[in-house]
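Subject: Structure for your review

Dear colleague,

Please find below the structure that I am handing over to you.

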Amino acid sequence: MDTNVHPANTLRVVDALIKAEKDFDMLIIPDAQHALPPYAVKRTWDYFVRNLLGETPPENYHLLPTPPRVRPGQAAGSDGW
């Protein structure tokens, strides 16, 4: 539900994948805008753990918030990044 991409474009990709008989996974998160909310980040990590490591993700873990970035030569807390 990205504001930069109309849902019809995503569905065209899905349609092409189905017609090509390709396996795919899709997660739709309404009102997420362009940034991934914490739920989507957690699901992405879980997906990688399952499908790349072949492991089961730990239960009930929480991701820590990302600290604000600081540009080189900039004092922390001034303007962020």
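This is a predicted model: local features need pLDDT of at least 70, side-chain atom pairs count only at pLDDT 80 or more; totals for chains, interfaces and linings use all residues.

Residues are numbered from 1 along each chain as its sequence is written, and side-chain values use heavy atoms, with hydrogens and water left out.

The chain as a whole

The secondary structure comes to two helices and zero strands. Helices (H or I, at least four residues) and strands (E, at least two) are DSSP runs, numbered from the N terminus. Of the 81 residues in the chain, 11% are buried; buried means under 20% relative accessible area, exposed means over 50%, and partly exposed lies in between (1.4 Å probe, protein chains only). The accessible surface of the chain is about 7400 Å², and carbon and sulfur atoms account for 59% of that surface. Accessible areas come from the Shrake-Rupley method with a 1.4 Å probe, and for residues only the protein chains shown count as cover. Among contacts (heavy atoms within 4.5 Å) between residues at least 6 apart in sequence, 24% join residues at least 24 apart.

The largest pocket has a volume of about 650 Å³. Of the 23 residues that line this pocket, the closest to its centre are Met26, Leu27, Ile28, Ile29 and Leu36. Helix 1 (7–19) and helix 2 (38–53) are the elements that give two or more residues to this lining, and helix 2 supplies the largest share, five residues. By class, the lining holds 14 nonpolar, five polar and four charged residues.

A pocket is defined on a 1 Å grid over the protein atoms alone, as an open set of points where a 1.4 Å probe fits, with protein on both sides within 12 Å along at least five of seven lines; lining residues have an atom within 4 Å of a point. Grid points are joined across faces, edges and corners, and a volume is the space filled by probe spheres set on the points. Ala, Val, Leu, Ile, Met, Phe, Trp, Tyr, Cys and Pro count as nonpolar, Asp, Glu, Lys and Arg as charged, and the others, Gly among them, as polar.

The second largest pocket holds about 220 Å³ of space. Its lining includes Leu36, Pro38, Lys42 and Pro65, and divides into eight nonpolar, two polar and one charged residues. Pro65 is found in the segment after helix 2 and is exposed, because its relative accessible area is 73%. The C-alpha atoms of Pro65 and Pro38 are 8.6 Å apart, although 27 residues separate these two along the chain.

The salt bridges

Side chains of opposite charge can pair when their charged atoms come close. The structure holds two salt bridges, each being a side-chain nitrogen of Lys or Arg within 4 Å of a carboxyl oxygen of Asp or Glu.

In helix 1, Asp15 and Lys19 lie four residues apart, about one turn of the helix, and their side chains meet in a salt bridge (3.0 Å, N to O). Asp15 is partly exposed, because its relative accessibility is 35%, whereas Lys19 is exposed at 64%.

The side chains of Lys42 and Asp46 meet in the other bridge (3.2 Å, N to O). These residues are separated by about one helical turn because they are four residues apart in helix 2. Lys42 is partly exposed at 27% relative accessibility, whereas Asp46 is buried at 6%.

Yours sincerely,

A colleague
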